[in-house]
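Dear colleague,

I am handing over the structure below, and my notes on what was found in it follow. Please read them with the model open beside you.

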Amino acid sequence: MIKCNKLKTTVAATVVFAVFCAVFLFITSGGYEQWKEENSGIPDALSSISDGTTCRLIVVANRSGIRDAEEFAEEVIKMCRENSFRSLRLSTDIKGWPKKLDIRVYLRKRDVGGKDPLMRILYEPVNDGEKYDIRDDREKYRMTILETE
């Protein structure tokens, strides 16, 4: 009976130690930081390509899903106007603010290149011939959301 209790105690201590080591390795290897970023809920732009008047962005949602596509799109457009993405800043010093936005949205950074985008957001002026920009003329723009999945 005493040997059985001692064995149970030893096994329990070994399991607790193994779990502690696994958590320690996860935190120190950067896994926790990556998990925290991927689940922050704050959208971030990974890349931008500008070809004259159109700025094409790849944005990650950093969340498990998007409940309200229109609300999410408005948040991303606002971040574009405020130039407030964490990993990227839009260059506005030479050609000014973009005239159009074409944004492809992925849930996670690891989805880019391996999966189709979750949605595409187009932000364009109602009158294509006019010279508007996304920051100063927001009332002259329309937002179109194309869900690809």
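**Strands and their pairing**

Strand E1 (residues 44–51) pairs with E2 in the antiparallel sense over seven bridges, where two strands count as paired if DSSP finds at least two bridges between them, and where helices (H or I, at least four residues) and strands (E, at least two) are DSSP runs numbered from the N terminus. This is a predicted model, in which local features need pLDDT of at least 70 and side-chain atom pairs count only at pLDDT 80 or more, while totals for chains, interfaces and linings use all residues. Residues are numbered from 1 along each chain as its sequence is written, and side-chain values use heavy atoms, with hydrogens and water left out.

Serine 50 has cysteine 55 in E2 as its bridge partner, and in the hairpin of E1 and E2, with two residues between the strands, glycine 52 takes a positive phi near 85°. E2 also pairs with strand E3 (residues 100–106), here in the parallel sense and over seven bridges, and threonine 54 stands opposite lysine 100 in E3.

Because five of the seven residues of strand E2 (residues 54–60) are buried, E2 is largely enclosed by the rest of the structure; buried means under 20% relative accessible area, exposed over 50%, and partly exposed in between (1.4 Å probe, protein chains only). Of the 149 residues in the protein chain, 31% are buried.

Taken as a whole, the protein chain has three helices and five strands, and from the N terminus on its elements run α-α-β-β-α-β-β-β.

With regards
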